[in-house]
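I opened this notebook to keep track of what I looked up, one entry at a time.

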Amino acid sequence: MEITAPVETRMYVVVRGDLPVGYQVAQSAHAVAELVGRTGLEAVRRWPVTVVLNAVDERHLRGLLALASERTDPRFGPAPFHEPDLDGQMTAFAVFCGSDLFAHLQLAGTRRSLRRRVLEVLRRR
């Protein structure tokens, strides 16, 4: 199967920022497993960079999932994860897409947006 997508494609994982950090890590891994289960390992080999971002809460996460569903190729996600231990609440999703979709979100574990972090890295070059 030929895989085509924008050059800047990466795996983005969006996880709820209102969860404890330990949960965020686990939920991110679950979402990645869901996406790999759908897409297979070839997509991961093709786009090995993973960026983990925070949504504010479940409502925000659901809105971002809807946006990602509208603007990405369904072969590459998004793949949501619902945590059985939290009564089936959606806790994260993973998707292969370009950076423009989530540039406004904060990197998980920081208070910096993805856009701001990229600008900082580019200034150092």
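Before looking up bridge partners, I noted that two strands count as paired if DSSP finds at least two bridges between them.

Entry on confidence. I am working with a predicted model, and I looked up a mean pLDDT of 86 for the protein chain, with 83% of its residues reaching 70 or more. Among the elements, strand β3 (residues 79-83) has the highest mean pLDDT, 97, whereas helix α4 (residues 114-124) has the lowest, 66.

Entry on the sheet. I followed 5 strands through an open sheet of mixed pairing, and their order is β3-β4-β1-β2-β5. At its edges I found β3 and β5 (106-107), each of which pairs on one side only. I then looked at β3 and β4, which pair in the antiparallel sense over 5 bridges, and there I noted that H82 has M90 in β4 as its bridge partner.

Entry on the helices. Helix α1 (residues 21-39) packs on the sheet, where I found it touching β1 (10-16), β2 (50-55), β3 and β4, with its direction at about 135 degrees to that of β3. Helix α3 (residues 58-71) lies across β1, β2, β3 and β4, and I noted that it runs at about 30 degrees to β4.

Entry on Q89. I located Q89 in strand β4 (residues 89-97). Leaving aside residues up to four places away in sequence, I found Q89 touching R16, E58, F81, H82 and E83. For E58, which is 31 residues from Q89 along the chain, I noted a C-alpha separation of 7.6 Å.

Technical notes: Residues are numbered from 1 along each chain as its sequence is written. This is a predicted model: local features need pLDDT of at least 70, side-chain atom pairs count only at pLDDT 80 or more; totals for chains, interfaces and linings use all residues. Side-chain values use heavy atoms; hydrogens and water are left out. pLDDT is the predictor's confidence in each residue, from 0 to 100. Helices (H or I, at least four residues) and strands (E, at least two) are DSSP runs, numbered from the N terminus. Contact means heavy atoms within 4.5 Å. Axes are lines fitted to C-alpha atoms, for helices over the stretch in contact, and angles run from 0 to 180 degrees between N-to-C directions.
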